[in-house]
2 protein chains.
Amino acid sequence: MARSGPKLTRIARTLGVSAATVSNALSGKGRVSAELAEKIRATAAELGYVPSLAGRALRTGRTAVLGLVLPDIANPLFPQIAQAIELAASSAGYGVLIADSRGDVTTQTKAIERLIDRDVDGMVIVPRRGTRIADVGCPVAVIDTPSTPGNTVAADHWGGGRQIAEHLRALGHRRVLVIGNNPASNVQNDRIGGIRSAFGDGAFVEILWIEPLEREQGKGCPLGLAAKVAEGFTAFACVSDLHALRALTELQRAGINVPERASVTGFDDLIWSPVVTPALTTARMDMTRIAAIAVEALVKAIGERDPADAGIGAPVTAENAEVPMQLVVRQSSAAPPATQFQPAQTIANARTTTTAKNIAPEGEHQP
Amino acid sequence: MARSGPKLTRIARTLGVSAATVSNALSGKGRVSAELAEKIRATAAELGYVPSLAGRALRTGRTAVLGLVLPDIANPLFPQIAQAIELAASSAGYGVLIADSRGDVTTQTKAIERLIDRDVDGMVIVPRRGTRIADVGCPVAVIDTPSTPGNTVAADHWGGGRQIAEHLRALGHRRVLVIGNNPASNVQNDRIGGIRSAFGDGAFVEILWIEPLEREQGKGCPLGLAAKVAEGFTAFACVSDLHALRALTELQRAGINVPERASVTGFDDLIWSPVVTPALTTARMDMTRIAAIAVEALVKAIGERDPADAGIGAPVTAENAEVPMQLVVRQSSAAPPATQFQPAQTIANARTTTTAKNIAPEGEHQP
DNA sequence: TATCGATGATTAAACGATTAATCATGCGAT
DNA sequence: ATCGCATGATTAATCGTTTAATCATCGATA
């Protein structure tokens with residue numbers, strides 16, 4: 001749309017100076033006397049002058065727009081990411097253009113191309129599991145996991161896994177089922193790796209992958225967790241709150257009380273985690289910080305870059321590529337039942353005999 | 001960043017014609033002979049020509065960018081909306097700039113101003129409950145609810161409420177608790193209105209508002225649903241799947257089986273709805289269609305608008321402002337228990353005596 | 001044959017900002 | 001008195017596209 005506000009020349013005319021001087025005064029680049037500069041800034045502010053991004057972009061080759069590429073917008077983590085990136089970008093003077101790829105790789109490529117065609121100055125990519133980022137011809141910040149080559153900044157998923165595991169371990173759990181979605185995900189593998197490493201040899205850790213299971217049994221199929229409880233598992237450590245929710249409801253539905261008879265933990269502190277019953281114990285990423293670092297690295301790379309060259313856009317790097325995760329202990333995790341090492345038969349019938357201890361760590365609903 | 005591709009003049013030079021002719025040929029506006037136009041299109045395609053949005057924007061005053069304003073990006077519905085809008089916009093040749101307002105009204109105003117400063121051609125606003133959209137100086141599509149004045153297009157929330165209610169009614173429910181968040185929300189009120197109207201006088205419908213309750217008792221507080229079951233309520237109709245999830249887990253935790261002893265329904269078919277146990281019965285919006293209509297209306301208004309005038313931007317209107325919702329019946333709703341009209345005392349103890357009927361409508365997990 | 005009209009293409013002027021190059025001025029030093 | 005230099009401001013070109021105005025050409029009509 002057409003600008004409502006005044007143009008550069010209008011301010012110039014108002015003060016009887018040239019447009020160049022106004023531009024210089026506002027950007028602080030050329031040589032302008034202090035008092036004139038001040039006067040210019042004043043009238044610019046008074047008239048509500050906002051520079052035309054189009055004009056500036058045409059001349060400088062900078063659009064002041066970043067692209068945000070996500071593997072799948074439907075990802076429940078998306079709101080957190082988008083919000084954080086938007087905040088960081090806008091405080092740095094950048095706009096954020098979204099590119100959805102609906103989980104499809106070719107769609108993602110197309111989306112990235114559209115961003116390029118729109119002359120974004122840089123982009124933030126949260127890659128789908130295992131996706132290689134092709135050279136896109138502009139600075140790129142990759143948010144994946146610290147262990148992935150080319151990663152710019154990310155949460156310390158491995159460390160998050162360790163925290164979850166140490167928490168469960170301290171509670172007394174020794175037989176835990178880790179629930180993941182897809183073995184090809186770097187993030188999930190790091191989280192699981194962290195969990196395993198913290199449990200070490202003193203515990204039995206098994207992994208259940210949902211996606212392969214669903215390929216066989218259909219989407220939304222039962223995970224068979226009641227049977228796992230019967231086998232002696234006392235904790236279910238899920239790599240996402242989405243899976244934790246699935247596990248929680250499946251257990252509850254089977255009459256298995258959480259956390260008395262089995263603990264459930266998640267990851268990401270998604271929107272529902274604090275409000276379900278029992279509220280989910282989880283590990284949260286510091287998205288605000290991650291986004292700030294990613295955008296900062298991007299902005300720096302953009303600044304150093306010669307706008308004329310459409311060179312290869314290697315992923316940018318940041319000082320602190322690893323942002324620690326924060327353990328959030330709520331009600332879904334507790335000590336395992338005393339009967340935990342009895343034979344399966346006994347455990348399966350334990351329901352009526354076990355007395356529920358009502359523990360309530362970090363309750364958020366006390367007024 | 002600087003464009004990698006060739007410019008208009010490069011194509012012109014390649015063919016020995018003027019830049020204007022190339023522009024005319026590509027836009028089909030001026031007078032160009034058919035064969036020359038074809039030749040121009042061919043070489044443009046061959047050289048991979050992509051017009052500079054900046055140059056075009058400067059000349060035409062059109063940036064080909066739409067703004068997307070959401071009350072709160074953290075809203076779990078956001079992914080659906082953003083995805084749908086992005087799809088609709090990009091197929092219409094527009095980019096989507098996001099503006100987050102973190103639930104705050106003044107932040108929202110600032111976000112909108114930033115969009116204006118960036119010269120968006122129009123914007124899609126999903127207003128926070130009761131927010132009045134100030135004149136923003138560009139075409140605006142409002143997605144709220146059909147009964148709100150100024151609304152451009154929206155799901156038929158009232159109708160969705162009716163569908164949910166009719167479903168529950170047909171199952172035999174006569175005492176239902178409607179769970180909402182905030183009485184100030186137009187959307188929620190419409191959904192609830194639909195529910196009430198479909199139940200009519202033959203049933204007892206009570207409303208529970210979460211937000212006021214939480215202000216008293218703290219965030220994530222129990223809703224006291226077990227007591228409601230004891231009072232004879234057999235169904236909990238929530239205005240969002242988020243609340244449905246909360247209700248479901250609270251009931252499960254209290255040992256009340258869903259759907260055998262109480263039915264739970266939601267709204268919006270959020271990401272977790274199909275995978276929790278039991279999967280949630282819900283009413284889904286056709287976001288794709290809503291977004292398509294919103295963007296179409298916006299594009300039309302942009303086309304008719306004189307780029308020179310920065311006139312008042314009244315909300316645009318669309319042909320079909322009302323898009324029907326779709327009832328999705330899953331496992332969380334079933335007929336009420338036979339004991340439903342017995343005194344509370346009996347009902348509270350019914351747990352051990354009631355035999356669970358295992359109904360499985362629309363199961364998504366059969367392979 | 002001179003003229004009119006239609007057709008097809010070119011010229012040139014924008015759009016709004018940035019910036020290298022230029023110009024004017026005043027002051028101190030030679 | 002003049003040169004040089006620093007300072008402060010202006011000129012003019014430029015980014016890439018669109019579009020109104022202009023021009024050239026040719027066939028048909030008066």
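Biologist: Which residue lies over the face of A:Phe233?

Modeller: A:Arg175 does, at 4.9 Å from the ring centre. Keep in mind that this is a predicted model. Chain B has its own case: the charged end of B:Arg175 sits over the ring of B:Phe233, 4.9 Å from its centre.

Biologist: How many aromatic pairs does a search of the whole structure find?

Modeller: Four, over all chains. Among them is the pair of A:Phe204 and A:Phe233.

Biologist: What describes a pair of aromatic rings?

Modeller: Two values: the distance of the centres and the angle of the planes. Take A:Phe204 and A:Phe233. Their centres are 5.9 Å apart and their planes stand at 45 degrees, so this pair is tilted. An angle under 30 degrees would count as stacked, and one over 60 as edge-to-face.

Biologist: Where do A:Phe204 and A:Phe233 lie in chain A?

Modeller: A:Phe204 is in strand β7, residues 204–209. A:Phe233 is in the loop between α10 (225–230) and β8 (235–238). The pair therefore ties together parts that are 29 residues apart in sequence.

Biologist: Is A:Phe233 buried or exposed?

Modeller: Buried, with a relative accessible area of 1%. A:Phe204 counts as partly exposed, at 39% relative accessibility.

Biologist: What about the rings of B:Phe204 and B:Phe233?

Modeller: Their centres are 6.0 Å apart, with planes at 45 degrees, so the pair is tilted. B:Phe204 lies in strand β7 of chain B, and B:Phe233 in the loop between α10 and β8. These parts are 29 residues apart in sequence. On accessibility, B:Phe204 is partly exposed at 39%, while B:Phe233 is buried at 1%.

Definitions and conventions: Residues are numbered from 1 along each chain as its sequence is written. Chains are lettered from A and ligands numbered from 1 in the order in which they are written. This is a predicted model: local features need pLDDT of at least 70, side-chain atom pairs count only at pLDDT 80 or more; totals for chains, interfaces and linings use all residues. Side-chain values use heavy atoms; hydrogens and water are left out. Rings of Phe, Tyr and Trp (its six-membered ring) pair if their centres lie within 6.5 Å; planes under 30 degrees apart count as stacked, over 60 as edge-to-face and the rest as tilted. Helices (H or I, at least four residues) and strands (E, at least two) are DSSP runs, numbered from the N terminus. Buried means under 20% relative accessible area, exposed over 50%, partly exposed in between (1.4 Å probe, protein chains only). A charge sits over a ring if NZ of Lys or CZ of Arg is within 6 Å of the ring centre and within 35 degrees of the ring normal.
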